[in-house]
Amino acid sequence: MSELIEIKAETTGFGAEIGGVDLGSEISDEAFAAIRAAIVKHKVLVFREQHLDDDKHLAFAQRFGPLEGHINRSSRHSDLPKIQIFGNVDGDGNIIGYHPEKGTLVWHTDKSYVATPSLFTILRSPAVARQGGDTLFADMVRAYEDLDAAEQTRLDGLRAVHDWKRSREKSDERAATADEIAAAPPVDHPLIRTHPETKARAIYMGNHASHILDWDQGDGEALLAALERHATQEKYVYRHQWRDNDVLMWDNRCTIHCVTGYDAAKERRVVHRAVVQGDVPV
Ligand SMILES: [Fe+2]
């Protein structure tokens, strides 16, 4: 038997806390398979009291498949480019006074602006804000399932355009560079995608989605905004309040997420991220 213990999150039945495993150790094939099954089943996993460095973080993440770098090269770890660092602390340990990636403050699913968006994201937080800086997740399968049949039929077959450049504009971030735009031109994905493992249908959108393919721009924006309002109702959301030494992992194929605000002038908040490459959404 695996040493793994699963505890379902109490609030929404979405997400699970996993105990009895040290992610920094040699994880047995059996325990790894249980984690792999748990992430698909629960969509978000929380591992408490993990003491990972970047090498161990990377090693754990790589067991799930090839990792991807970030299009924003400035966030890449200097020695380990497959680890991305986001935080309000500079290399000398000084607070820079602002949250460096505004796009993380709005609902999104990782890297949906590329043809093969992220599969799993694995995050740890060496510096945790004491107030705010929570990570919120919305369950896009349940949000889809709760739409009435006529609405589901209306949405099935639509494609949303995802655009890094437009996403940056919407989140009031620095403009995308020419290199970034060349690396990530707009792509379109099904608005309702089918999870390749569970076969569940999920709404697939978020801030990177700019409009609906072949629709009037404003009509598409309105539809996306309405879907986001629907999907991020409290009943679909898991709020992760970070504790020291947490590791958080999620399935980008069926969730969207964002960070809540915190006092970036006073609080230290740093996350290290590894992202597993995904497939073309269908
Ligand atoms: Fe993200």
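Is Asp 134 buried or exposed, and what is its relative accessible area? In this predicted model, Asp 134 is buried, with a relative accessible area of 8%; buried denotes under 20% relative accessible area, exposed over 50%, and partly exposed the range in between, computed with a 1.4 Å probe on protein chains only. Local features were considered at pLDDT of at least 70 and side-chain atom pairs only at pLDDT 80 or more, while totals for chains, interfaces and linings use all residues. Residues are numbered from 1 along each chain as its sequence is written, and side-chain values use heavy atoms, with hydrogens and water left out.

Asp 134 takes part in a salt bridge with Arg 239, in which the closest N and O atoms are 2.7 Å apart. A salt bridge is defined here as a side-chain nitrogen of Lys or Arg within 4 Å of a carboxyl oxygen of Asp or Glu. This pair links distant parts of the chain, since Asp 134 is in the loop between E5 and E6 and Arg 239 is in strand E12 (residues 237–240), 105 residues apart. Helices (H or I, at least four residues) and strands (E, at least two) are DSSP runs, numbered from the N terminus.

The whole structure contains 20 salt bridges. One of them joins Glu 180 to Arg 174, again with the closest N and O atoms 2.7 Å apart. Glu 180 counts as buried at 5% relative accessibility, and Arg 174 as partly exposed at 34%. Another salt bridge connects Arg 253 and Asp 251 (2.9 Å, N to O), and both of these residues are buried. Through shared partners, salt bridges join Arg 36, Glu 197, Asp 251 and Arg 253 into one network.

An iron ion is held by the protein donors His 108 (NE2), Asp 110 (OD) and His 257 (NE2), which lie 2.1 to 2.2 Å from the ion. Donors are N, O and S atoms within 2.8 Å of the metal (3.2 Å for Na, K and Ca); water is not among the atoms, so sites may look incomplete. The donor residues follow the sequence spacing H-x1-D-x146-H. Asp 110, in the loop between strand E4 (84–87) and strand E5 (118–127), and His 257, in strand E14 (residues 255–259), are 147 residues apart and link distant parts of the chain. Both Asp 110 and His 257 are buried.

The loop between E4 and E5 also contains Lys 111, which has a positive phi of about 55° although it is not a glycine. Lys 111 is buried, with a relative accessible area of 10%. Asp 172, also not a glycine, has a positive phi of about 60°. Asp 172 is placed in the loop between helix H5 (164–170) and helix H6 (178–183) and is exposed, with a relative accessible area of 55%.

In helix H7, the buried residues are Gly 220, Leu 223, Leu 224, Leu 227, His 230 and Ala 231. These residues cover an arc of only 125° around the axis, which puts them on the same side of H7; the arc is that of the directions from the helix axis to the C-beta atoms. The buried residues of H7 pack against strand E6 (135–139), helix H3 (140–145), helix H4 (149–155), strand E10 (201–203) and strand E11 (209–212), contact meaning heavy atoms within 4.5 Å.
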